Every structure is written in structure tokens, then in C-alpha cells.
Amino acid sequence: MNPHMRTYFMTTIGCIIYAISLNMFYIPHSLLSGGINGIAIIIYYLTGISFGIANFVINLPLLVLSLIYLGRRFTVISLFGTVMMSVAVDALAPLATVTHIHSPVLSAVFGGIFLGVGSGLMYRYEGNSGGLDIVAAIVKKHFSLEMGSSIFALNAGIMAIGAYIFNLELAVLTLAGMYTQSVMTNKVVVGLNQRKTAYIVSTKADEIADAVIREVGRGVTVLYGQGAFTKEMRKVVFVVINLTQIAKVKSILEAIDPQAFMFITPTADVMGRGFTAPKASDVPQHSHYYRDEFGRLRRKEEYHPAEAKPVTTPPHTDK
């Protein structure tokens, strides 16, 4: 699918999921949503004005900011998302006439989950539904903060207003739902298949790097470091792996160098060959590195013992 069409398609799907969740879980219990949607719901509760109308009118100045700071393409997508969200929530309003879950706590939690899925689908494919999404996108662009976390921080202020207008219990339930929404949003955007970065310090770094390339199928970078106490130079194997590949890397260390030092850190937004780009096709699949009798690292297909002779100098003789 064309990337632009995919953005609009996933924005539409995200808005529909968001609208279903809002009408099924939040509105029947008079819960508040976050962001501009929350302000539109407050206006709906207080005045009866349609959510769609209130949401679109409030978004107009933010769309101007989007045009200034984020460009024409993002603004067009934001406008599309704003219209789709307004239409979807009003079109699915009959869902709010029935209480599907009678517990307000469960409604806040499950509503937050599905709201997060809807928002995450939009963000993952470069879409949004306007509102604080625009502000969060500006924050992400300039400060590299996750959009779900940015929106949660901005929504805390809105909930304080909601607590003042309505009651504290309603605001607390909404805040719990928004926290769940932010977590799910980040999970969908980053992906459930989390990446990990492994750093391995070993005297057999070359052999470990070769085994990871051949057996795990991940690209490896060898860094160079120095022990602060011993002052000895050490090679550090640096590799980004999937969560399911950790056990395989550990088994490689146990087989090659049980004394190796390894630590693993969480990693997000991995881009490049092997993850977001195709793997290289020119990596030899049957190579294996090992050291010959002179301590040199050789490839199996390049190593010929008959040719591996040390360089010697003729003995010195006096005449």
C-alpha cells in the first residue's frame, strides 16, 4: 500500500477504535478523556453541544500551529484526523446509551487500553487526530520524547480542571485510564517486540561476534575499550537483538567464554539494516573464525595449514 494512503487508512481505523472506546466505556460513566477530546466532552456534559462540533472548533487554532511548526503534510493529516475523530464519535454516539460495563474502574482501565490502541495505530503510521497530538508531535520533534508520555503529562493539567468542575473521584478514574492509554500508545508505537542491546566484554570477542552473526543472525559491531584497573585493551561486542534472542546469545557465551562479562539494556526506535531495512545478502553463511597455531584469527575457507608458516630469519654466522 502507498505510504500516504496507509497513513490515512490507519488514521481512520484508529479514530474508529477511539470513538468506539469513548462511547462504550467513558461516556456512560461520565468519565473524561484526555486532551482536546476531554475538553470537548466537558463541553458536551455541560451544554449538550455535539462532541464533533466542539472538537473541530477547538482544534482550529492548533491546526494553525501545526502549519507553522510541523509543515503542510502533517497539518493535512491532522485536519483529516480531526474530521474523522469528530465524525466517528458523533456517528457512534448510540453506543453510549447502553452501559456495557457497570464498574467505572473497569471502564476506565479497558477504555484506556482501547483508546491507547487507537491512538498508537495513528502514531505508528505517522497519523494523528489533532488536538494535543499536535503539541505532542512538536515536543517529540524537538525533544525526542515519546508521544504517549508527552500527552499524559499535558493531560494531568486538564484533569486538574476536570476535578475542580466535577469531582475528584471522576478525575482520578480518568487519570488512571489516561495512564493506561499512554502505556498502550507507547507499546503500539514502539512495538510489542522489544529490542535489547547487549554489550559483551571478552578475550574471545572475535569468536563470539562470529557466532552471533552466524547463529543468531544479527549484525555485530566490535568496540574497543580499556580496563581502568589493569589498563589492558579489551574488545567489546555490541549487538542489538530481539527479546527472544537473549537466551541464544547467553548459550553462545557459555560455549565460547563462560567468563565473559555481558550486560543488556532496553532499546527503542531501532532503525537500519536487519531491522527496518533488509538484511545484507552478501554475508557468507558458512564462514567460521578460529585461531591458528600462531594465534592468528582466520576464516575456515581461507586457512591452509601448509601455508601457515612463521616468518624466520637465517641464523647469523661469523666468517
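Buried means under 20% relative accessible area, exposed over 50%, and partly exposed in between, with a 1.4 Å probe and protein chains only. The model is predicted, so local features need pLDDT of at least 70 and side-chain atom pairs count only at pLDDT 80 or more, while totals for chains, interfaces and linings use all residues. Residues are numbered from 1 along each chain as its sequence is written, and side-chain values use heavy atoms, with hydrogens and water left out.

**Exercise 1.** Determine whether aspartate 210 and arginine 214, which form a salt bridge, are buried or partly exposed.

*Solution.* A salt bridge requires a side-chain nitrogen of Lys or Arg within 4 Å of a carboxyl oxygen of Asp or Glu, and here the closest N and O atoms are 3.2 Å apart. Both residues lie in helix H9, four residues apart, about one turn of the helix; helices (H or I, at least four residues) and strands (E, at least two) are DSSP runs, numbered from the N terminus. Aspartate 210 has a relative accessible area of 3% and is therefore buried, whereas arginine 214, at 24%, counts as partly exposed.

**Exercise 2.** Locate the partners of the salt bridge between lysine 235 and aspartate 206, and classify the accessibility of each.

*Solution.* The side chains of lysine 235 and aspartate 206 meet at 3.0 Å, N to O. Lysine 235 belongs to strand E3 (residues 233-242) and aspartate 206 to helix H9 (residues 205-216), so that the pair, 29 residues apart, links distant parts of the chain. Lysine 235 is partly exposed, because its relative accessibility is 28%, while aspartate 206, at 16%, is buried.
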